[in-house]
Amino acid sequence: MEVKLKIRRYDPESTDMVAHYQEFALQMDDAATVLDGLIQIREQVDGTLSLRCSCRAAICGSCAMKINGEAGLACNTKIIDVMPINGSPITIEPAGNMPVIKDLIVDFQSFWTKIKAVEPWLQPESKQPVAEYIAPEEDMIHLAGVVSCILCGACVSDCTVMEVDENFLGPAALAKAYRFTRDPRDASDDKRLSVLNEYGGVWDCTRCMKCVEVCPKGVDPMSRIMMLRERVMENGHNNTNGARHANAFFDSVKHSGWLDELKLPIKSFGIFNIKAMLGLIPLGIRAQLAGKRPPIFHKSIPGAKNVRKIFEKVENK
Amino acid sequence: MKYAFYPGCVSRGACPELYTATIEVCSILGIELDEKSLEGASCTGAGVLQEKNQRLGDTLNARTFAMAEASGLPLMTICSTCQGVMAQANERLLSDSDYLESINEDLLEEGLQYKGTIEPKHLLWVIAEDLGIEFLKSKIVRKLPGWKLAPFYGCYIVRPSKALGLDVNPDRKQALEQVIEAVGAEVVDFPGKTLCCGFPLLTINPKNSINMVANHTLDAKDRGADAMVTPCPLCHLNLDGYQPKASSVSNREIDLPIIHLPQLIGLALGIEPQKMRLNKHIVSTKKLLSELAVSP
C-alpha cells in the first residue's frame, strides 16, 4: 500500500534550526507498523531522521511518539489502523511535554527526575529476611497491571496538566508511587502518602483520562491516582482543597441526592480561607447578574432518603 | 422517540439555560422527554464521589439504570460528565455478573433491580444516531450567518473510548462537527477539542484550571472561531465563567462565547435566543447573535 508520513523535523545543528514538517511517500506492506515506516525512511531515504527504538515489540518503551496527535508506541501501531480515510498523511511528532533534542527524540531528564522523586524502591521496615520476601499472591496480582509500565512516557507526553504545570509529578510517577504504597513488603506508606498529598501530587490530576487512553500497557494511571486519593484521605490528610472537595461532594449527594453547587466551592476552599472567599466574589457577581447562580436553598431530590440508605449500606461494607 | 430524561445536577443548578434549551429543542425534534421516571435518581458521583468510594458510585448509577429499565425507556443525558461516569459504571457492572448481583442486593430494599439493558446516551448521540443528521437538516429553518465554530468535546464524552463505545460507533468522534456542519456553520478544528477544560481543578488548583481555559479559548480564537460549542455543561461553566479571569491572566482579550449544543441547534431550528437564555451567559453572545438579526 502507498503510505504518506508527515514527520516533524528539528535539528539544532542545522543552519535554520526551525522545526518543520517533511512528507515522505512509501510503499509498505499491509502489516507494517509506523516504526517499520520510519526505519525504512532512515535506511533508504534520509539517514538523518533521528528516532529512538530498540525491541520493536512493545517491551522496551523506546519509541513513544505522537501519531496523529496522540501518543503511542510506533512499534505496536499498525499503519493501516491510523491512515486517515481522506487520504491525508499520517502525522508523526515527538512525544509532548518534554523538550525535543532532535526530530523524534525527546529529553527524558524531567521524566526520570519525577520517577526518582517517588522513591521507586522497596522500603521495608523489618530486617532483611534470610531468604526472599514473601508477598501474598493476591496482592501481587492486584499490582500486575501497574507493574506492566515500560516507562515509555506516552502518558506524560499527553498529560493535560503537565502541559500547564511542570511541577506536577504526572501519571507515570504517580502510578509508580501507587505500586509501592500497595506492595505488602513496603512499610513507608505514611511517608509516601504525605509526600503525595503535597502540591504537584495526587490532587493536581484533572481526571481527563488521557493517560488511560494512550497507555500501551493498560497501566491505567488515572485510576491509580484516584485510588491514591482515597488512601491519602484514609490516612488522615483531609486538609487540602482536593480532600475537602471530595468530602463536600460526598456529603452533598448523601444528604440531598444531588450536588449543591453553591456550597461546593465554599467548602472546598474552606470558609475561613478569606483570600479564596474574596476571590469567589467576582464570579459570584457575574453569575448572579447572568442568572446563573445555583439556588441558595438546595432542595433534596424526591426519595433522597433512599439514596442516604444506600450510602449507609455501602459505607458499612 | 421517547427517553427517560436524566438532566444531571448542573443543568438544574448553574446552567439553567442548558435545561431550557434542551426542552425547547427536543420538543421541535420530536424527542419526547419523560421527566418522571428518573426524578428520584441521584447524582452520578461525577468521578468525585468515586474518589472516596467507587462501589458507592456504581450502586447509585445501577439504581438510576434500574429506574430507567422500569420505565421501559432508553436513558438520555445532556451532560458529558454524567455520560462518561455512567458509561464507566455500566462497563464495570456488565463485565462482572457477580459484582452486578452484589450491587443489586443493595437495591432490593427499594424494589429495584438492574438487569443490564441500559445504554446511557447523550443528546449529541441521540441526535446523530437515533434521529440522524439528515433528519436534523430537514428541520432547519434559520440559516446561521457563516459562523465559524470550534467544537469542544472535553474529556468524558470521548474517554475512556471503549466504555463509551467509540470503537463500535466511530462516528461519535465526529458527531459534534457533524452537527455544526448540519446547522450550516463552519467547523474550526483545533487540537484542544478533546482535552481538559480545567473544570475538575477549579477548586484544587485554580491557576492550572484557568491556564487551560486560556489555552483552549485563545487557540480556537486564533484559528478564527467566532464561538465554541460544547456538549458538556462543566466545560461551559469553566470556559465561559472563567474566561474573564483567563483573559486577564493571559493579558489578551478573548471574548469567545461558549454555546451549549442544544442552544446552537435551537438557533437553527428558529427558537428565539432569549427563550434558550442565550442572554444569560458570562461571555456575552450579543455580538455573535446580532448577525442573526435578532437581539439576544
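**Notebook: chains A and B**

I began with the contact between the chains, which takes 50 residues from chain A and 45 residues from chain B. I counted two residues as in contact if their C-beta atoms, placed from the backbone, lie within 7 Å. On chain A, the elements giving two or more residues to the side that touches chain B are α8 (210-214), α9 (221-234), α10 (241-256), α11 (263-269), α12 (274-289) and α13 (304-315). Helices (H or I, at least four residues) and strands (E, at least two) are DSSP runs, numbered from the N terminus. I sorted that side of chain A by class and got 27 nonpolar, 11 polar and 12 charged residues. Here Ala, Val, Leu, Ile, Met, Phe, Trp, Tyr, Cys and Pro count as nonpolar, Asp, Glu, Lys and Arg as charged, and the others, Gly among them, as polar.

**Model and numbering**

This is a predicted model, in which local features need pLDDT of at least 70, side-chain atom pairs count only at pLDDT 80 or more, and totals for chains, interfaces and linings use all residues. Residues are numbered from 1 along each chain as its sequence is written, while chains are lettered from A and ligands numbered from 1 in the order in which they are written. I noted an ipTM of 0.94 and a pTM of 0.94 for the complex. Chain B averages a pLDDT (the predictor's confidence in each residue, from 0 to 100) of 96, and 99% of its residues score at least 70.

**One helix pair across the contact**

I looked up α13(A) against helix α3 (residues 54-71) of chain B; their axes come within 10 Å and cross at roughly 145°. Axes are lines fitted to C-alpha atoms, for helices over the stretch in contact, and angles run from 0 to 180 degrees between N-to-C directions. From α13(A), Val307(A), Ile310(A), Phe311(A) and Val314(A) make the contact; from α3(B), Arg55(B), Leu56(B), Thr59(B), Leu60(B) and Arg63(B) do. I list these residues as 6 nonpolar, 1 polar and 2 charged.

**A sheet in chain B**

I found 4 strands in an open, parallel sheet, in the order β6-β5-β7-β8 (chain B). Strands pair if DSSP finds at least two bridges between them. β6 (186-187) and β8 (258-260) of chain B are the edges, each with a single partner strand, so one side of each has no neighbour in the sheet. Strand β7 (residues 227-230) of chain B is joined to β8(B) by 3 bridges. Thr230(B) has His260(B) as its bridge partner in β8(B).

**Chain A overall**

I recorded 13 helices and 7 strands. The C-alpha trace spans about 70 × 70 × 40 Å along its principal axes.
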